[in-house]
2 protein chains.
Amino acid sequence: MKDVAERVGVSRTTVSFVLNNIPNSNIPDVTRQRIIQAARELDYAPNAQALNLVKGRTMMIALVVRKTAHQFAADAFLTEVMEGVMQVIEPHHFHLMVHAAHANDANNTYRELIRMRKVDGLLISSPLVHDAEVRQLHAEGTPIVLQGAADGNDIPNVDVDNVQGAYAAVQHLLELGHRRIGHISNAPFSYAASHDRLRGYQQALAEAGIAYDDSLVGVGNFNDDSGYAPMMALLDLPARPSAVFVGSDTVALGVLNAIRDRRLRVPQDISVIGFDDILVGKYLEPPLTTVHLPAVDLGRHAGEMILKIIQGETLDAMSVRLPTHLVIRRSTAAES
Amino acid sequence: MKDVAERVGVSRTTVSFVLNNIPNSNIPDVTRQRIIQAARELDYAPNAQALNLVKGRTMMIALVVRKTAHQFAADAFLTEVMEGVMQVIEPHHFHLMVHAAHANDANNTYRELIRMRKVDGLLISSPLVHDAEVRQLHAEGTPIVLQGAADGNDIPNVDVDNVQGAYAAVQHLLELGHRRIGHISNAPFSYAASHDRLRGYQQALAEAGIAYDDSLVGVGNFNDDSGYAPMMALLDLPARPSAVFVGSDTVALGVLNAIRDRRLRVPQDISVIGFDDILVGKYLEPPLTTVHLPAVDLGRHAGEMILKIIQGETLDAMSVRLPTHLVIRRSTAAES
DNA sequence: CTGAAAGCGCTTACAG
DNA sequence: CTGAAAGCGCTTACAG
């Protein structure tokens with residue numbers, strides 16, 4: 001910038017004014033043109049770090065993913081969420097940082113991101129139901145949006161309507177005549193999504209007048225293998241369920257394996273419905289019935305919200321719930 | 001920092017010295033302790049933007065992904081690569097920015113990242129075989145590592161050994177007795193990986209004394225649907241192949257669909273081998289034989305290389321090729 | 001219309 | 001042993 005000022009023979013102030021198009025700066029068109037010309041010739045680009053320092057912002061938003069390395073790598077939707085976030089923030093000249101804060105992260109590495117002013121805001125993926133650290137950060141005024149709901153709605157959050165999605169899944173099973181319906185969660189119930197999907201399951205059963213039975217519920221843990229053991233447990237029950245609602249398609253993979261290993265057929269012997277609608281669901285045999293999760297939209301909404309918060313605008317709603325819809329394929333059938 | 005200096009009654013210089021543990025600064029332990037104490041009490045954290053400005057670096061590395069939004073979202077390995085990169089850069093206090101530079105991106109948005117000093121280096125994913133822009137950036141001294149090889153090895157790059165992987169896949173088919181072997185690429189041949197996998201295919205055929213036949217080769221385009229049409233074309237041939245090597249498991253999904261729609265059986269009527277070893281491969285029916293791609297390792301190596309380049313160290317090798325290995329499942333069988 | 005000056009929050013020779 | 005001062009590359013009142 002000093003270079004272009006010298007080249008044109010004006011002060012850096014003037015250069016700053018024309019390059020930033022400051023209104024009311026009353027710079028004659030000739031000077032203006034000469035400056036623009038010189039900037040082009042010198043291939044001038046403003047130094048973002050200097051700008052950030054003076055403006056007191058970073059133009060960065062962190063997507064913090066609270067999972068173990070393995071879970072992180074296996075997350076089929078992360079790229080979709082990222083894509084959605086980028087679609088909305090990049091036009092506003094914000095960039096996306098990805099940060100893996102592993103669940104047992106005692107050092108609160110994402111708090112450092114804020115303290116050291118490396119980012120302007122936090123998008124937190126898959127928060128636990130109760131998360132003191134996040135709550136604290138929010139109380140301190142940190143721009144935060146939760147992707148995946150926490151309990152309570154005092155922190156801005158966006159998620160699919162997990163209760164409703166699970167409800168619809170179980171409803172589908174009920175309509176097919178199933179009465180004995182198992183559930184295997186996508187993750188421990190300390191995770192908000194798992195918690196809510198369980199509630200949807202319970203709600204549908206309750207409305208159908210079916211008593212909730214603890215022994216019909218198993219706990220998955222994000223990855224494909226984690227569905228195997230809990231499904232085996234269900235199959236070992238004296239009266240095994242005729243259908244099972246699995247809280248994640250990925251976990252359903254292990255569930256299907258367990259069923260196959262027991263030489264049972266889907267859907268003839270047991271109906272299976274998943275959640276998420278991963279890409280390959282339709283290529284499974286049989287193609288998996290599931291609940292579609294609009295991941296790109298989730299990212300887009302989260303991006304819009306964090307942008308508003310950072311820019312000091314007020315949010316239309318603290319809590320955004322995106323609709324899911326049932327994708328009926330061939331892993332579910334009428335109870336026989 | 002000013003606050004802690006005032007609180008202790010020393011200059012900011014002194015504070016800076018002790019907080020940064022500058023050697024030979026000869027600060028008495030008492031002062032040192034008082035400063036550390038004050039910093040803790042005031043919850044002091046250095047402002048990264050100011051640091052960056054004075055140090056002339058950003059502590060950010062961009063992963064630029066050159067794909068369309070849809071391809072980006074469907075990339076099963078991106079999270080694994082990211083995980084690997086983060087594993088190695090975060091201990092060095094670098095962070096990962098993700099940037100989607102869509103293939104038709106005329107504005108060279110990733111060049112801006114460097115010009116404006118938003119990042120210290122670029123990790124470029126899936127580069128085209130010839131990429132003038134990347135070449136230019138490298139010539140200008142920008143730290144760059146290609147993940148997915150470009151032609152020539154003058155730009156640091158890390159990739160799996162695509163030629164070897166494809167060769168092994170086709171070799172497997174040849175050993176099963178197949179002579180008429182088709183190939184459907186993972187992407188247009190302007191992409192380095194596709195180009196190399198084609199070469200491995202050709203090489204294996206050549207060594208087996210089988211003439212290369214253009215009509216047996218189709219072009220995929222990253223996503224699952226893209227395998228369908230080219231496979232249909234192969235099946236419509238007067239003499240259809242008895243086996244097909246597909247350059248990507250995701251593309252193989254469409255290929256399998258085409259085969260199913262023609263009422264042919266895998267592997268009895270036609271053997272299929274993929275590439276990548278996506279999570280769900282083993283859950284397909286039949287489980288997909290494929291070539292395993294060590295994605296986390298890829299990210300780890302790329303991270304190590306870019307770190308060295310940024311820190312001015314010399315690279316052990318300009319070009320790193322990670323081994324793949326065959327994962328034999330049940331989609332391939334002896335030619336009948 | 002345009003520039004000198006202060007300031008953003010740090011580091012780092014240099015001087016004492 | 002410690003501090004005053006310059007500097008990183010910008011912006012922005014303020015003065016003329």
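Below come a few ground rules and then the exercises.

This is a predicted model, in which local features need pLDDT of at least 70 and side-chain atom pairs count only at pLDDT 80 or more, while totals for chains, interfaces and linings use all residues. Residues are numbered from 1 along each chain as its sequence is written, and chains are lettered from A and ligands numbered from 1 in the order in which they are written.

**Exercise 1. Work out how chain A is related to chain B.**

Step 1. Recall that two copies of a chain are related by a rotation about an axis and a shift along it.

Step 2. You get a rotation of 180° with 0.1 Å of shift along its axis, at an RMSD of 0.1 Å. The two copies are therefore related as by a two-fold rotation axis.

Step 3. Ask which residue of chain A comes closest to the rotation axis. That's Met97(A), whose C-alpha sits at 2.1 Å.

**Exercise 2. Describe the side of chain A that touches chain B.**

Step 1. Count contacts, where two residues are in contact if their C-beta atoms, placed from the backbone, lie within 7 Å. On that basis, 39 residues of chain A are in contact with 39 residues of chain B.

Step 2. Find the elements, using DSSP runs numbered from the N terminus (helices are H or I with at least four residues, strands are E with at least two). Those giving two or more residues to this side of chain A are α4 (48-55), α5 (69-74), α6 (78-89), β2 (95-100) and α12 (249-261).

Step 3. Sort by class: this side of chain A has 24 nonpolar, seven polar and eight charged residues. Here Ala, Val, Leu, Ile, Met, Phe, Trp, Tyr, Cys and Pro count as nonpolar, Asp, Glu, Lys and Arg as charged, and the others, Gly among them, as polar.

Step 4. Compare the two sides. Of the interface residues of chain A, 100% are also interface residues in chain B, so the copies meet through the same surface.

Step 5. Look at the strands that meet across the chains (two strands pair if DSSP finds at least two bridges between them). β2(A) pairs with strand β2 (residues 95-100) of chain B in the antiparallel sense, over three bridges. Within this pairing, Val98(A) stands opposite Leu96(B).

**Exercise 3. Find out what lines each DNA strand.**

Step 1. Take "near" to mean that a residue's C-beta atom, placed from the backbone, lies within 6 Å of the molecule or strand. For DNA strand C, 22 residues qualify, and the closest are Ser11(A), Met1(B), Ser16(B), Asn47(B) and Ala50(B).

Step 2. Look for the elements behind that surface. The largest share, four residues, comes from α4(B).

Step 3. For DNA strand D, it's α4(A) that supplies the largest share, four residues.

Step 4. The surface near DNA strand C divides into eleven nonpolar, ten polar and one charged residues, and the surface near DNA strand D has eleven nonpolar, ten polar and one charged.

**Exercise 4. Trace the four-stranded sheet of chain A.**

Step 1. Read off the order: the sheet is open, runs β7-β6-β8-β9 and has parallel pairing. Its edge strands are β7 (217-218) and β9 (271-273), each of which pairs on one side only.

Step 2. Zoom in on one pair. Strand β6 (residues 181-184) and β7(A) run parallel over two bridges, with Ile184(A) opposite Gly218(A).

Step 3. α9 (residues 162-175) of chain A lies across β6, β8 (243-246) and β9, at about 165° to β8(A) (axes are lines fitted to C-alpha atoms, for helices over the stretch in contact, and angles run from 0 to 180 degrees between N-to-C directions).

Key: Copies are superposed by least squares on the C-alpha atoms of residues with pLDDT of at least 70 in both.
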